[in-house]
Amino acid sequence: MNKFLLILLLPLMLIVEAKTDYVYGQYRTGTAEPEGEGIELDMTGGIIGYASGNSNFVFQTSASWGNVEASGIEVDFSGFSVSGGYAFNDIADGSFVVGVSYAEVTLVDPFGGDDFETSNTDPYIGYGKMSGDGIDYLLSISDGVISGSTYIPFTENLSGQLSFSNDDEVNAVGIGLAFKY
């Protein structure tokens, strides 16, 4: 499914000359308390990604990896996400955005059995500014998950990146560096 979605979005990426592009890497940590399970999971990992804003379009993609620890058992994971959105006004000035996101995650069975894979496609609504001047940010809500990322410039091309996601079960924060071109 993700290859199909990527094929659909590829022409958009090639046609639209991006105004603001960020390539980023980030360390991410968080906790999860799955409803009804009575356990707490600790998550750590890394993310590399790409975010772009141009005129009325926003595009993001990322790959993640790390591990989840619960009761002394560690489970490795990997993930992939892609999202595209339409901004009602020029995203460089700040605008409301509606879009769709696709994500998939694979958990490696620590006992050698079959890996667990899951994916979901959800619409989102949000607000963002991607101008390349000053602080850029994207905030969104999708299926009860509130998330956001901000790019704080250090130099003309290097920015710090902070991100978060929060819902009833998962709280996560990330910190990293982003290269703007």
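Are Asp136 and Lys129 buried or exposed? Both residues are buried in this predicted model, and the first view below presents them together.

**View 1. The salt bridge between Asp136 and Lys129.** The side chains of Asp136 and Lys129 meet at a distance of 2.9 Å, taken from N to O. A search of the whole structure finds one salt bridge.

**View 2. The largest nonpolar core.** This core has 13 residues, of which Tyr24, Ile91, Val97, Met130 and Tyr151 touch the most other members. Strands β1 (20-32) and β2 (41-54) each supply at least two residues of the core. A second, separate core consists of six residues, among them Leu41, Met43, Val68 and Phe77.

**View 3. The surroundings of Tyr24.** Leaving aside neighbours within four places in sequence, Tyr24 is in contact with several residues, including Ile47, Ile48, Gly49, Tyr50 and Ala51. Its other partners include Thr61, Ser62, Tyr151, Gln161, Leu177 and Ala178. Tyr24 also belongs to one aromatic cluster with Tyr22 and Tyr151.

**View 4. The aromatic pair of Tyr22 and Tyr151.** A pair of aromatic rings is described by the distance of the centres and the angle of the planes. The count for this structure comes to eight aromatic pairs. In the pair shown here, the ring centres of Tyr22 and Tyr151 are 4.1 Å apart and the planes lie at 10°, so the pair is stacked. Tyr22 is in strand β1 and Tyr151 is in strand β8 (residues 145-153); the pair thus links distant parts of the chain, 129 residues apart. Both Tyr22 and Tyr151 are buried.

**View 5. The aromatic pair of Phe57 and Tyr86.** This pair is edge-to-face, with 6.0 Å from centre to centre and 75° between the planes. Phe57 lies in strand β3 (residues 57-70) and Tyr86 in strand β4 (residues 73-87), so the pair ties together parts that are 29 residues apart in sequence. Phe57 has a relative accessible area of 34% and is therefore partly exposed, since this class lies between 20% and 50%. Tyr86, with a relative accessible area of 38%, is also partly exposed.

**View 6. Ile141 in strand β7.** Strand β7, which covers residues 136-142, contains Ile141. At 40% relative accessibility, Ile141 counts as partly exposed. Not counting residues up to four places away in sequence, Ile141 touches Pro123, Tyr124, Ile125 and Ile146. The C-alpha atoms of Ile141 and Tyr127 are separated by 9.4 Å, and these two residues are 14 residues apart along the chain.

Conventions:
Residues numbered from 1 in each chain as written. Predicted model: local features only at pLDDT ≥ 70, side-chain atom pairs only at ≥ 80, totals over all residues. Heavy atoms only, no water. Salt bridge = Lys/Arg side-chain N within 4 Å of Asp/Glu carboxyl O. Buried < 20%, exposed > 50% of the residue type's maximum accessible area, 1.4 Å probe, protein only. Core = buried A, V, L, I, M, F, W, Y, C linked by side-chain atoms within 4.5 Å. Helix = DSSP H or I, 4+ residues; strand = E, 2+ residues; numbered from the N terminus. Contact = heavy atoms within 4.5 Å. Phe/Tyr/Trp six-rings, centres within 6.5 Å; stacked < 30°, edge-to-face > 60°.
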